[in-house]
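Hello,

Here is the structure I promised to pass on to you.

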Amino acid sequence: MLVGWKRQITATRDLIEMDSLVTTMFGPGEQIVSAVEDLVIFLRYGYGSRLAEARAALRSVVDLTAGEGDHDARWVAAHLLAIADGMETASIWRVLPPGSPDELAQAFTIGSPPVLTLWPPQRDLLRRTELNPLDPATKRLLLSVPTSAGKTLLAQIIICHHLATGSGDVCYVTPLRSLGREMRQALASRLRILQKGLGDDLPDFASLDLNELLRFFWSGSNTVEIMTPERLAHMLRRDPDGVLSRFSMFVIDEAHLVAQPNRGFLLESLLALLATTDTRLVLLSGVMGNAKQVASWLDDSSESVLFSSSWRGPRRLHGILNSTILWDTERVSSTRSKSHPLRKDYDVIGTLRIKPAEASTRELWTRRDSPLGAKRFEFAPDGTDRRNVSSGTTPFYKICATAARVFLHAGSLLMIVSRRDYARGAAETLAAQLPDSTRTGDLVDFLVERIGEEHPLVGCLRKGVGYHHAGLPVDVLDALEQGVRSEKIVALVATTTLTDGVNLPVRTVLISETRFPTQDPAQHFDPARLLNAVGRAGRAGRETEGWIILALQQKPEPADFDQLRPADEDLEIQSSLMSERAVEQLAEAEGLLAASADAIFQLADSATADFASFLWFVFSAQQRLEEMLTSFHIAGAVQRLLGFAQMPPELAERWLALGRRVREAYDRTPSESRHRWATAGTSLGSARALENVATAVAVETHSAHPVMEGEGTKQTLSVDETLEIFASVDAFGALLALPECGKAWTFKSTVGSRSTLVVPPVPALKLWMGGLDVPSLAAELLPTVTNAAWRLEQTVDAISGAFEHFFSWTVGAVIEQANVILEEIESPTRLPQDLTYMIRYGVDTQQAIGLLGRGVRSRRLAYVVGQRAASDGRQLEQVVDWLRLLHIEGWIEEFDATPREIEDLADVTRDASTGLLRQFLSSSEASAKLHVPMEPAPSAPLAVTLRIVDAHLPVEVWTVGDRADRVGIISAAHHSDVFALTSAGLTFSALTDGSAITIRADS
């Protein structure tokens, strides 16, 4: 827009043959355009002189010294003057401490998404004098700011400042994979400007060998790692000294989730362990009612360890949605029941109570002639003894989904439900009311390739509606989140895992909770989860207003609105060791241990099992650290648990008594088993079982595959040979019996069936690693399931739960332990360590594993490229150079690459060592190679221009002038950086010597 304005001003000057329009009627417009340009340059580059020039230009319009007077221009100039004052205060250049390198601010003002100004809580934190987060002497910090107040951006600033000015790597930890994906995307462009690395997106239980495998794809140092608590715990179990020595800062986002059932204790134990070290530790949370207590637990030396703010962004309108039965729409029919022969059906409409800010409540209704659903009752013959009937009654979540259609008129919508099947059903209900979307075509194409045409998600997306839950593949979830951010998806129905911390700005959030007796407590909308969901509506910087609708399946009450404004006591977090269920499990463990000391290995899927495993890890890790003579002493991690700072002494003693029984079991265990059990990441009973499986696999391997004379000293079995070994000792049967498996490998013929189908894992794994697409895989695994959509859904669940998690984790643990045992018995045979990644990713070559680990999101593409590279004899380290030679046209021709896949390959083939963007920003000049040198080369530097259409198309280089000629395209190694440079709005001129172009910033 600014470029267009400048072009018009220049054309007007040329038309009337004047160097300046200041004395004409166009003077005010000229000065405003000049001022806007100056303000943009000030915000992007921090030049204070340009802010002064902007103010002078705007004052000339206000005081009528520019032009002949223009009321509209004066009004605009007056407002811009006021905005300029705010810019001076809020500019990131003015907030960062003196001495900060320019590239730090540029990482945000030039990076994507650009951040030019900071909000009040961000400024207050970065300007504080005591325990400033940018001061390397600040070792402990808890940031408690409301959801949507920008804490994730604060984390980015803290991380980037640490990298730009300090030493050591940074580890960013979040329990939420969706938030990790968002942080990875946001940091990528910022780290590119800083010329720092971003670690690979590895599985939770990745071995360190994969890092070695992937180093061919990145020539710099990986200075930021983004991971879940599970992956950090796995790394610490394997190499505590290496992890603690490598990372000088840990940033823990959504720290309030220490109170979460099941996974909360893992996060609590990690914090307790890290608190025993001198590393920098920053915790972030938007919903922590007892933040002072938690900050004191973190570090009681100063009250400034806690930073809190009550600032909130856009105005929010609260609403309560209830269903209302229209009793005057009664429809009577009969049933075959003798006890309840009378059936009555009624229409149901919605009642919406809204409360703008603190104003009075208004009540609205949906249309009577368009009911949202129906309610059915059955009665005894005398009309009494009424009972609810599920068949014929519309589920409440579908009533809410039907009502959601009304809210779409205001803008995008996020609907939160408590179960996966509710997410699918609500999305289908909402999609059925909408016309076909014209914006989701590319997203639909991607999903058809990934999960199949008949998957119900595909049909929903054709209407602009998606659903999101943990049972979908990671790349599908990422595509859905991007679809919301790019406004291609108008409505997304999700389970609660998406609400915590993820920046998905929408106008309306509709929260529909359904509770039932057997429900997992982790699915409940506690006050913290509810408040996080509220924060998705009207995110600051994207919306001026947000609507929050809470749907309640109950009689309306005036106090219903209080649920949307929970008090601090409602948001207090407590250690999961103090929960009612955990105390019950402790009592059960005490009873078992009274009968048998070996009962410590019977603890499974419980708080006591998690506590015992943590203690076992601490004992093992401390022993190894002492043997290595390191400076780390983590034995105090047990006493540093949050639970011991909160629980009464008598309960603490009971947990410590359990700890003493764990210690006794540890001391009785052979030394070679202690470390294996500690690194498994399972309950102690499962760890022992895994070792037994690994021993059986190792013995069978040594017996079945001895090295014959003359064959060399070592051999690694093939994937098929390894799977045969596993089958011969029924390894998968033992793995599926572990409590950690849960329902990851469960299949049914129909949705409501109580019986399960038997699906052998080994043939399924071979098909999966053989690159078979999901629809074909579903047909092979479940040939007796006639419902194609149900077949696909179960297969996708198995991919997410079994292949991508459980099997890749446990098979990897077995192989690793078996190889150690084989080495101990001096066997020359080894099992392939990369099998675990082949299972995780569904490919069968190292080349494909490398591509997927480095960010290629398409399994199909990675498989095809990997197969081609392997068949041509190209080793992993040769893949990048080969892909660069093919370039975009070759990727399309050889691999049928889609635009999304091309963008991924452009990032993989990017030459990170040159730092083109960093060069340009620091010296106003950079160079990029042509894909094919010009022949003949020009005798002198030739002025050229770049034609850039989209990220998935080559950057074309053309000569300047009336008779422009295409002289080439930018090399694949520099394609991504050149596109990023132009996307950032940086203007430049270019010259070429025939082999490369030199880009110089416009003055």
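In these notes, buried means under 20% relative accessible area, exposed means over 50%, and partly exposed lies in between (1.4 Å probe, protein chains only). This is a predicted model, so local features need pLDDT of at least 70 and side-chain atom pairs count only at pLDDT 80 or more, while totals for chains, interfaces and linings use all residues. Residues are numbered from 1 along each chain as its sequence is written, and side-chain values use heavy atoms, with hydrogens and water left out.

Salt bridges first: a side-chain nitrogen of Lys or Arg within 4 Å of a carboxyl oxygen of Asp or Glu counts as one, and the count by this rule is 54. Helices (H or I, at least four residues) and strands (E, at least two) are DSSP runs, numbered from the N terminus.

D345 and R376 form a salt bridge at 2.7 Å, N to O. D345 sits in strand β8 and R376 in strand β10, so the pair ties together parts 31 residues apart in sequence. R376 is buried at 18% relative accessible area, and D345 is buried at 10%.

R676 pairs with E824, their closest N and O atoms being 2.9 Å apart. Helix α25 holds R676 and helix α31 holds E824, so this bridge ties together parts 148 residues apart in sequence. Here R676 is buried at 10%, whereas E824 is partly exposed at 49%.

On the backbone, cis peptide bonds join S112 to P113 and E935 to P936.

Best wishes
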